[in-house]
Amino acid sequence: KSLDGVSKTSKYIMVFFNLFFWLVGGLFLGVGLYARLQNNSWDSLGGFSSDPAVLLIVMGSIVFIVGFCGCVGALRENTCLLKIFAYSMCVLLILELAAGALAFAFRDRVEKEISDKMIEAIQKYHTTNVQTDLDDAVEGVQNNFGCCGAISPRDWLNNNAYNNCTQETFNKLLTACGVPPSCCRNVTILDSQCGYKVYAYPNMSFAERARWSRIANPGAYIYTAGCASTLVQWVRDNYVLLGIVAVSVALVQLIGIIMSCNMITTIDYILRTHIT
C-alpha cells in the first residue's frame with residue numbers, strides 16, 4: 001500500500017527509469033555470461049584487458065543490482081533500497097567525472113595506453129584453439145576504424161608468432177610477414193588471405209620479392225594507419241557528440257539521485273509524522 005503524501009508521478013517515473021537500467025544491466029550480464037560459456041574459459045578468468053566479456057559481466061552486474069534497488073525501492077517505497085540506489089549512483093557519477101578529468105589531464109598518455117593494450121591483444125591473438133572475445137575485439141576495431149596494429153601494421157610482425165617475419169617463417173607459414181584479414185581494405189570470402197605476406201623479410205632477394213606482388217605496395221591491400229592514433233583522432237573528431245552523450249548520461253544520473261533523495265525525505269517525514 002502506498003503512503004499518503006508520496007507523489008505517484010515521481011514514484012512511477014523512478015520505477016520505469018530504473019526498470020530500464022535493470023533490463024540493460026541484465027542484457028549486459030547475459031551477453032557477458034554467454035560469451036564466457038561459448039569460449040569455455042572460466043578457468044582463465046582474467047582482467048578487463050584480457051577478455052571484454054569480463055567487463056560486460058562486471059558492468060552488467062553493477063547496473064543490474066543498482067537498477068533493481070532503485071526499481072523495487074521506489075515500487076515498495078523502501079528507503080533502505082532507495083538509499084543504496086542513491087549512494088551507488090553518487091559513487092558512479094563521481095567515478096565517471098574523475099575518469100573524464102583524468103583522461104583530459106593525461107590525454108597525452110592515452111594514445112600510449114591504447115597502444116600498449118593493443119600490443120597485448122596482438123600478442124594473444126589466436127593463441128588458443130578457439131576464437132576468443134579479445135580476438136573479436138581486435139578484429140572489430142581494425143575493421144570498423146580502418147586501421148592495423150597499434151602503431152603500424154608491423155606490430156603484427158613483431159608481436160605475433162603467426163605473423164613473425166623471418167626467412168624461416170616466411171617459407172613455413174602462410175601468415176608470416178602478413179596481417180589478419182581485418183586489416184585488409186577490401187577483404188572478401190574469396191580473398192581472405194589478402195593480408196598475408198605483404199612485407200619482405202630482412203635481406204629478401206629481388207627475385208623472391210617479385211614472386212609476391214603485395215610486397216611492392218602493401219598500402220594498396222591493407223590499412224597502414226595504427227589503431228592507437230586512429231582511435232584518438234576519432235575521439236577528437238567526435239568530441240562534441242561524445243560530450244553531449246556524457247553530459248546527458250550525467251544529467252540522467254543526477255535527476256535519478258535527486259528524485260530518490262526527495263522520495264526518501266518524503267517517506268521519512270510521513271513515517272515520523274505518523275509515529276508522533
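This is a predicted model: local features need pLDDT of at least 70, side-chain atom pairs count only at pLDDT 80 or more; totals for chains, interfaces and linings use all residues.
Asp-116, for its part, counts as partly exposed because its relative accessibility is 31%, a value that lies between the limits of 20% and 50%.

In general, side chains of opposite charge can pair when their charged atoms come close.

## Glu-208 and Arg-211 in helix H8

A salt bridge also joins the side chains of Glu-208 and Arg-211, where the N to O distance is 3.3 Å. Both residues lie in helix H8, made up of residues 206–211, and since they are three residues apart, the separation again comes to about one helical turn.

Glu-208 counts as buried because its relative accessibility is 14%, which is under the 20% limit, whereas Arg-211, with a relative accessible area of 58%, is exposed.

## Lys-11 and Glu-77, a link between distant parts of the chain

The salt bridge between Lys-11 and Glu-77 has its closest N and O atoms 3.3 Å apart. This pair connects distant parts of the chain, the two residues being 66 residues apart: Lys-11 sits in helix H1 (residues 8–39), while Glu-77 is found in the loop between helix H2 (52–76) and helix H3 (79–105). Both Lys-11 and Glu-77 are buried.

## The chain as a whole

The secondary structure of the protein chain consists of ten helices and zero strands, so that, read from the N terminus on, its elements follow the order α-α-α-α-α-α-α-α-α-α. Of the contacts in the chain between residues at least 6 apart in sequence, 63% join residues that are at least 24 apart.

The protein chain has 276 residues, of which 34% are buried. Its accessible surface amounts to about 16400 Å², and carbon and sulfur atoms account for 65% of that area.

Conventions
Residues are numbered from 1 along each chain as its sequence is written. Side-chain values use heavy atoms; hydrogens and water are left out. Helices (H or I, at least four residues) and strands (E, at least two) are DSSP runs, numbered from the N terminus. Buried means under 20% relative accessible area, exposed over 50%, partly exposed in between (1.4 Å probe, protein chains only). Contact means heavy atoms within 4.5 Å. Accessible areas come from the Shrake-Rupley method with a 1.4 Å probe; for residues, only the protein chains shown count as cover. A salt bridge is a side-chain nitrogen of Lys or Arg within 4 Å of a carboxyl oxygen of Asp or Glu.
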